Amino acid sequence: MTGFLRNAWYAAAFSREVGRAPVARRLLGEAVVLYRTEGGAPVALEDACPHRRLPLSMGRVKGDALECGYHGLTFDCSGRCIDAPTQERIPSHARVRSYPVRDRYGLLFVWMGDPALARDDAIVDIEHHDHPGWRLTEGDCMPVRSHYLWLVDNLLDPSHVAWVHRSSFGGAGTDRTPMQIQELADGVLCSRWMLDQPPPPFYAPLVKFGGHADRLQHYEMRYPAVGINRSVFAPAGQGGPGLQDGPLVYRMASYHFITPVDEDHSVYFWLQHRNTDIDDEDLTRRIAAGARAAFEEDRAVLEAVHQGMKQRATPPTGLLLDAAANRFRKGLAERMAAEEALVAGVAGA
């Protein structure tokens with residue numbers, strides 16, 4: 001699948017990365033520059049001066065505006081040129097694109113499509129956000145030399161942990177337990193309960209009980225590329241679809257934001273959310289380090305997959321475990337086609 005769904009929010013940077021100095025990013029093949037106004041509001045503009053296309057990220061922020069580092073053309077938050085020092089008057093056509101941007105959960109989200117369609121409620125809602133009994137981490141990210149859909153496929157495939165993450169997320173039952181697939185209004189869910197098995201290495205020190213566990217793997221992907229993984233552990237015999245919450249039930253949710261850079265590169269952002277030991281900073285650091293180590297394993301595999309699929313000499317073999325990813329790709333393709341039709345209709349009107 002080529003192209004991208006543009007009427008959507010994409011994570012562009014962590015909030016902590018962007019201040020008064022301009023920051024360059026590339027999203028969906030487009031150059032974007034981020035900075036903050038004097039009041040701290042985030043701004044996202046096209047990162048190219050309309051004169052000679054010098055990146056505006058090579059310029060400087062003046063007040064709430066951004067000045068080009070070549071000849072001083074200066075653009076306000078809407079992308080309108082408000083100063084042209086070398087000219088008698090400001091050229092009427094001198095402007096750059098402005099993108100809607102929101103600061104949420106410690107991330108800056110940029111809307112890459114029609115600004116009139118940007119809705120705040122289209123940003124994923126993190127359950128229990130700001131709840132006193134839950135802890136949301138600062139998050140982490142990594143560049144990946146891979147098309148973003150290989151990452152999406154991976155996040156709809158619970159079975160890969162049995163081989164890729166043997167020392168972390170893998171464990172008994174992850175190689176053969178059947179999946180349950182459900183189509184959602186805004187994505188696809190692939191999940192399964194694995195009953196009466198030892199917790200895997202990553203979670204064994206975190207759960208609040210001894211012995212075997214009933215484990216839920218919940219792999220959910222929302223259009224165009226937001227993953228929600230929920231890991232639930234209960235003492236053996238207490239889990240399953242009718243699980244009743246209690247003090248021994250361990251829950252961790254991981255939120256994955258996959259941002260396409262172009263057809264060959266992506267940036268993978270993630271946040272983790274848990275319901276235990278919320279004030280244990282050492283544990284938070286260990287969980288973060290463990291997650292990054294596991295995702296580095298994913299990166300090595302997915303970069304190799306990207307190259308292998310680009311250079312394949314024979315057709316790939318599909319497996320039953322691809323079913324959730326295939327459903328998601330079909331739904332995404334339908335949304336991309338509808339978006340293209342809408343754009344073509346507006347252009348032809």
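**View 1. Side-chain contact between R36 and D103.** In this predicted model, the side chains of R36 and D103 are joined by a polar contact of 3.0 Å. A polar contact is a pair of N or O atoms within 3.5 Å; within protein, one must be able to donate a hydrogen and the other to accept it, and residues adjacent in sequence count only if both atoms are side-chain atoms. R36 belongs to strand β3; strands (E, at least two residues) are DSSP runs, numbered from the N terminus. A polar atom of the R36 side chain also lies 2.9 Å from the backbone oxygen of G40. With a relative accessibility of 12%, R36 counts as buried; buried means under 20% relative accessible area, exposed over 50%, and partly exposed in between, using a 1.4 Å probe and protein chains only. Residues up to four places away in sequence not counted, R36 touches S15, V18, G19, R20, A41, P42, V61, D103 and L108, where contact means heavy atoms within 4.5 Å.

Residues are numbered from 1 along each chain as its sequence is written, and side-chain values use heavy atoms, with hydrogens and water left out. Because the model is predicted, local features need pLDDT of at least 70 and side-chain atom pairs count only at pLDDT 80 or more, while totals for chains, interfaces and linings use all residues.

**View 2. The open sheet β1-β11-β10.** Three strands form an open sheet in the order β1-β11-β10, with antiparallel pairing. Its edge strands, each pairing on one side only, are β1 (9-14) and β10. From one strand to the next the twist averages 30 degrees; axes are lines fitted to C-alpha atoms, and angles run from 0 to 180 degrees between N-to-C directions. Strands β10 and β11 run antiparallel and are joined by four bridges; two strands pair if DSSP finds at least two bridges between them. R104 stands opposite L107 in β11.

**View 3. Two loop residues with positive phi.** Y105 is located in the loop between β10 (101-104) and β11 (107-111). Phi of Y105 is near 60 degrees, a positive value in a residue other than glycine. Y105 is buried, at 12% relative accessible area. L28 lies in the loop between β2 (23-27) and β3 (30-36), and its phi, near 55 degrees, is again positive in a non-glycine residue. L28 is buried, with a relative accessible area of 2%.

**View 4. H218 in strand β16.** H218 is part of strand β16 and is buried, its relative accessible area being 13%. The side chains of H218 and E220 make a polar contact of 2.9 Å. Apart from neighbours within four places in sequence, H218 is in contact with L189, C190, S191, I228, N229 and R230.

View 5. The peptide bond from Y223 to P224 is cis, and omega is near 0 degrees. P224 is placed in the loop between β16 (213-222) and β17 (226-235).

View 6. C49 is in no disulfide, and the nearest cysteine sulfur, that of C68, is 3.8 Å away. C49 counts as buried, at 2% relative accessibility. C77 is likewise in no disulfide; its nearest cysteine sulfur is that of C81, 14 Å away. At 31% relative accessibility, C77 counts as partly exposed.

Definitions and conventions. A disulfide is a pair of cysteine sulfur atoms within 2.5 Å.
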